[in-house]
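Biologist: Before we look at particular elements, could you take me through how to read features of this kind, giving the general idea and then the case at hand?

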Amino acid sequence: MTELIDQAFAERVLSRALANGGRFAEVFAESRRGQSMSIDERRIEAVQSGAEEGAGVRVVDGNTTYFAHVDGLESAELERAADEAAAALRAERRAPQPLQAREVTPLPIERRPEDVAAERKAELLRELDERARSRGDEIVQVTAVYAEARRQITVANSDGLFSGDDRTRTRIAVQTVARRDGTVETGAETLGAHRGFELLEDDPGQIAEQAAAKSLTLLDAVPAPSGSMPVVVGGGFGGVLFHEMTGHGLEADHIQKGASVYVGKLGEQVAQPLLNAYDDGRLPSEWGSDAIDDEGQPTQKTQVIEGGRLTSYLYDHLTAERDGVASTGNGRRESFRHLPIPRMTNTYIAPGDSTPEEMIAEVQRGFYAVSFGGGQVDPATGDFVFGVSEGYLIEGGKVTRPCRGATLIGNCLDALAAIDAVGDDFFMKTGICGKGGQKVPVGTGQGHVRVATMTVGGTER
Amino acid sequence: MSDLSAVARRAVEATTAAGASDAEAYVSRDGGRTVRVHGGEVESLEAATQTGVGVRAWHGHRVGYAYGTDLSEAGVIELAGRASEAAAAADEDEFAAPPQPAEVEALPGLSDPSIAEWDTSRVVDLALTVERTALESDPRLVGVEVAVYADSDEQVAIASSAGVAGEYEASSAYAYLSALAEGKGARETGLGFGLARGPRGLDPEAIGAEGAQRALAMIGAGKPASRSCPVVLDETVAASFAGLIGGGLGAKAVQRGRSPFAGRLEEEVASEAFALYDDGRDPEGPASAPFDAEGVPRRRTALIEGGRLRSYLFDTYTANREGTSSTGSASRQGYRSLPSVSTSNLVVARGSLSLEQLLAEAGEGVYVTDVAGLHSGVNPVTGVFSVGASGRIIRDGALAEPVREFTIAGELVAMLSAVKAAGAEPRWVPFGGSVSTPPLLVAEMAISGS
């Protein structure tokens, strides 16, 4: 693997960073390259290509982190960043541990997207457009986006770590607008992975048809009901429910600040015994997977809920040090311009033994949330909200009419404890997660899941 | 001519030399610092500089874009080649054309020298004061999740083969905290914030007190009963909704039929109590600049006035398509992004009532102080929304017990038509873009709780 900065130079930067003392120093160098384009109104547009390089240096002393980042990987620039990070310290010089290069095998990429001609990517977008429109004249608009991104990183720290990774992600997204008389509805679908262009070799056009089908279904929708009722949540991106209502609250920075409803709950029963959940940064080719985290720690599979019992928080280097445990490989950063913080990778509820049909059949009156537009949580209070992008009424044990404009709201601990069925139809979906102003790719997954009672906020009058 | 303008010129020349019929380069240099404090200590101190260039290349009516951080001679030539290649991959669009140069009036006062004058220890003190003020306000205030001070000073230069040339410098500073209060068996959070062009414009005590007061006010919150009732939106919530409306007034969404305001020019879309402007030159506005992201002069545009939809916002592309001129509404998220039509500073007109008078006018209803899930709970094409909310019950025209875990639902145009009064005291809010708004009284909204 290409090292963005060599070992000897990394050692020099770390020495400079510790010139005025400090317990820990790190240099993180990165090269980012990407291309994206979109189709709208049947025209290829917004074709763009980016190339950025830079590095961030941090020095930790006591509970304080000093961080400086610069554009470019010129020696003088990195040394300036090290000096800036060290500038506020007033203690004795410390020497970093000698660096030991670690062997890392990046996730395999079969077909490098940057070697694929732009025209081939444009063709793919035209195919998505056609496939969505093939669902009928009521599909009045189609937009689709293609994006590829490669991040090469080299990270070195004063504990002697010297490591790196080479990551390529590819993603397409389709949005459709369906119209019938005065009714307008949208549908969206995405496909993404930590893979190269090979991701798009096996009928990517089906996501365009799926997006179109969603918007067409919603043309017949009735306003969503309001009130408390059983809610069956769909597989895949339905896992964003667990991501928001539990995953964020398990990130150790929230825990250590007392800003999570899961503080002091380790080892306690927080869900029914049927629930098992994981954060797994090593799932092959998955959108939220990497070989190492952004602090050089190998990613791992962490069980966070075992038989309904809370078994682990998610740690980066500093929060792990504070709790006297090992990092769980969850130290992630959007880029060299950001400090690493504890973040999820791929978070999911493990498959259970119910079928979706069974769990729906047991509901007399309820709501079926197949997919979400997104969600948000305040980890400190546990209040969450999700916008439902595709939802249906459940009446007499059957899925009946589609609903528009539904939002699910509730409190994490109550909703987690109310999960009373987990489906066997497990799959993963991609998401972009925002925290502290940093966006990182995350995977969410589950089979169908039923929550015994939840508040649906609809627009029905 | 600054060094940034020189880079922009070089990039334009390299791009036309690479075969583009026209080119535009946008160069920015940003220096800033961020202080995060927790428990009376500095948690992190960041110093950052970033410099980059973004180039738009036209091949006739095809456009492409490339950006990068390498401003060396060779770096700029490589980037120019990528921009030109990107243009070749795009489809022809008859309305894609480079913006024409226009007279730009200077806009002094955008950069505050106090950023340079206040050293690190002084801004650390500011952040610590924010946190301390909150912690000392009440025994039920058990912690501060984080208190942050950040500032930045940005220089921008733009040049194009059509003759656009300009540069400016603008600074900004903000501080905020998330305070934690505890009572009745639950934790509550409260946000306090302030915005200015430099640290001297921030009031750390007021910011800390606001966060504390918002968290304390939520102690003991229950679920309200579902109902339709009058609602008062505080400034932060009104700003979030104003941002959604501003998004629907961008000509790109309108022309592509993806806005609830499409085809409604001069129609009644709001009550007379609600008026909305986009003002890219407001001296107080955080997003103010002499020119927009493609060099077109910023200006003030009436969007909704007298209850009617008066104008959309245009950049050069959407204006060409409409056969009109740009309203100076092209924006970018730095050099990494293509310019696209967007709001600058949104200004909701003030009314004449104090908050107390708005609450009295509401009588029985809900005062909404926070909304969540706007990015997933709003359909931007239809304007139908259902979002999570928290706030206080309004009883007998005054604030009563706190409420949470409910949704407010409706449709944007219906909501604007139901605005009964605007408050007299507007505030700049960093939600929904950059928005100045007073609290708003809406005659009726659907609340869904227990």
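Modeller: Two strands are said to pair if DSSP finds at least two bridges between them, and helices (H or I, at least four residues) and strands (E, at least two) are DSSP runs, numbered from the N terminus. In chain B, strand E8 (residues 276–279) and strand E9 (residues 300–305) pair in the antiparallel sense over four bridges, and Leu276(B) stands opposite Ile304(B) in E9(B). This is a predicted model, in which local features need pLDDT of at least 70 and side-chain atom pairs count only at pLDDT 80 or more, whereas totals for chains, interfaces and linings use all residues. Residues are numbered from 1 along each chain as its sequence is written, while chains are lettered from A and ligands numbered from 1 in the order in which they are written.

Biologist: In which order do the strands of the open sheet of six strands in chain B stand?

Modeller: The order is E10-E9-E8-E13-E19-E18 (chain B), and the pairing is mixed. Strand E10 (308–309) and strand E18 (427–429) of chain B each have a single partner strand, so one side of each is left without a neighbour in the sheet. Helix H6 (residues 235–248) of chain B lies across E8, strand E13 (345–348), E18 and strand E19 (434–437) of chain B, and runs at about 125° to E19(B); here axes are lines fitted to C-alpha atoms, for helices over the stretch in contact, and angles run from 0 to 180 degrees between N-to-C directions.

Biologist: How many residues of strand E14 of chain B are buried?

Modeller: A residue is buried if 20 or more other C-beta atoms, placed from the backbone, lie within 10 Å of its own, exposed if 12 or fewer, and partly exposed in between. In strand E14 (residues 365–372) of chain B, eight of its eight residues are buried. Strand E7 (residues 227–233) of chain B pairs with E14(B) in the parallel sense over three bridges, with Leu233(B) opposite Val368(B). Strand E15 (residues 384–395) of chain B pairs with E14(B) in the antiparallel sense over seven bridges, and there Ala389(B) is the bridge partner of Val371(B).

Biologist: How many residues of domain 1 of chain B are in contact with domain 2 of chain B?

Modeller: Domain bounds come from an automatic or database domain assignment, which divides chain B into domain 1 (3–216) and domain 2 (221–450). Two residues are in contact if their C-beta atoms, placed from the backbone, lie within 7 Å; on that basis 30 residues of domain 1 of chain B are in contact with 24 residues of domain 2 of chain B. On the side of domain 1 of chain B that touches domain 2 of chain B, E5(B) gives the most, with five residues.

Biologist: And between the chains, which strand gives the largest share of the side of chain A that touches chain B?

Modeller: In all, 65 residues of chain A are in contact with 57 residues of chain B, and the largest share of chain A's side, 12 residues, comes from strand E2 (residues 43–61) of chain A. E2(A) also pairs with E3(B) in the parallel sense over five bridges, where Gly64(B) is the bridge partner of Val47(A).

Biologist: Which residues of helix H3 of chain A are buried?

Modeller: In H3(A), the buried residues are Lys121(A), Leu124(A), Leu125(A), Leu128(A), Asp129(A), Arg131(A) and Ala132(A). What covers the buried residues of H3(A) includes strand E1 (24–40) and helix H4 (206–218) of chain A.
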